[in-house]
Amino acid sequence: MEGPALKAASTVNPANLLTLLRLVLVPEFAVELIEGRWAPAFWLFALAAVTDFLDGRLARAHGWVTPLGVFIDPLADKALQLTAFTLLAAGGVCPDWVAVLAWARESLVVAGFTLVALVADPPTVKASFLGKLGTFFQMGSLGLLLGLRAYGHGPAGEPRAVLLLAAATFLNFLAGLEYAFRGLG
């Protein structure tokens with residue numbers, strides 16, 4: 001096999017399948033949150049977070065980095081996190097401003113990458129330590145908040161979890177600014 005068919009076949013690898021699984025989990029995660037079924041929502045989120053942890057490591061370790069993976073991995077992350085933020089804010093679990101900050105950050109990153117894509121071929125902005133740290137803490141604090149809702153003994157720990165979520169979201173917003181400056185520099 002030669003040409004485009006070979007390139008298309010090479011995109012089917014375990015790393016990309018894990019990323020696709022994360023995308024597929026998002027709608028069911030949303031349904032569970034909307035229905036107030038906190039335990040299934042927590043476990044779906046946890047499974048999706050594990051795929052986020054594994055897919056990039058597998059891709060780099062085994063040479064499975066593909067243009068599809070580079071595109072769908074951040075898409076899957078954004079879909080999962082923004083769904084969580086939007087529905088948690090809509091349900092009164094986290095403040096609206098935290099969700100707005102998360103949306104602003106993602107909009108900034110997407111606009112920045114679009115701008116870089118217009119002037120550079122291909123875009124060369126890579127994930128930074130700050131971006132990875134922000135995403136790690138944001139996923140962790142979202143998971144903590146969902147876990148407290150699912151298995152906590154009352155809302156006592158939730159204000160602290162929301163504070164952690166707000167701090168992680170602010171850190172991620174700063175990472176978005178860093179990406180913008182690096183992309184334009």
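The buried residues of helix 3 (residues 38-62) are covered by elements that include helix 2, helix 4 and helix 6 (129-151), where helices are DSSP runs of H or I with at least four residues, numbered from the N terminus, and contact means heavy atoms within 4.5 Å. The structure is a predicted model, in which local features need pLDDT of at least 70 and side-chain atom pairs count only at pLDDT 80 or more, while totals for chains, interfaces and linings use all residues. Residues are numbered from 1 along each chain as its sequence is written, and side-chain values use heavy atoms, with hydrogens and water left out.

Among the buried residues of helix 3 are Trp 38, Phe 42, Phe 45, Asp 52, Asp 55 and Gly 56, buried meaning under 20% relative accessible area with a 1.4 Å probe and protein chains only. Just after helix 3, Gly 63 adopts a positive phi of about 70°.

Helix 2 (residues 14-34) packs against helix 3 at an angle of about 165°, with the axes 9 Å apart, the axes being lines fitted to C-alpha atoms over the stretch in contact and the angles running from 0 to 180 degrees between N-to-C directions. The two helices, helix 2 and helix 3, are therefore roughly antiparallel, a term for angles over 145 degrees, whereas angles under 35 degrees count as roughly parallel. By class, this contact of helix 2 with helix 3 comprises 16 nonpolar, two polar and five charged residues, with Ala, Val, Leu, Ile, Met, Phe, Trp, Tyr, Cys and Pro counted as nonpolar, Asp, Glu, Lys and Arg as charged, and the others, Gly among them, as polar.

Helix 2 and helix 4 (residues 67-90) pack at an angle of about 15°, with their axes 9 Å apart, which makes helix 2 roughly parallel to helix 4.

Notes: Parallel < 35°, antiparallel > 145°, perpendicular 65-115°, else oblique. Buried < 20%, exposed > 50% of the residue type's maximum accessible area, 1.4 Å probe, protein only.
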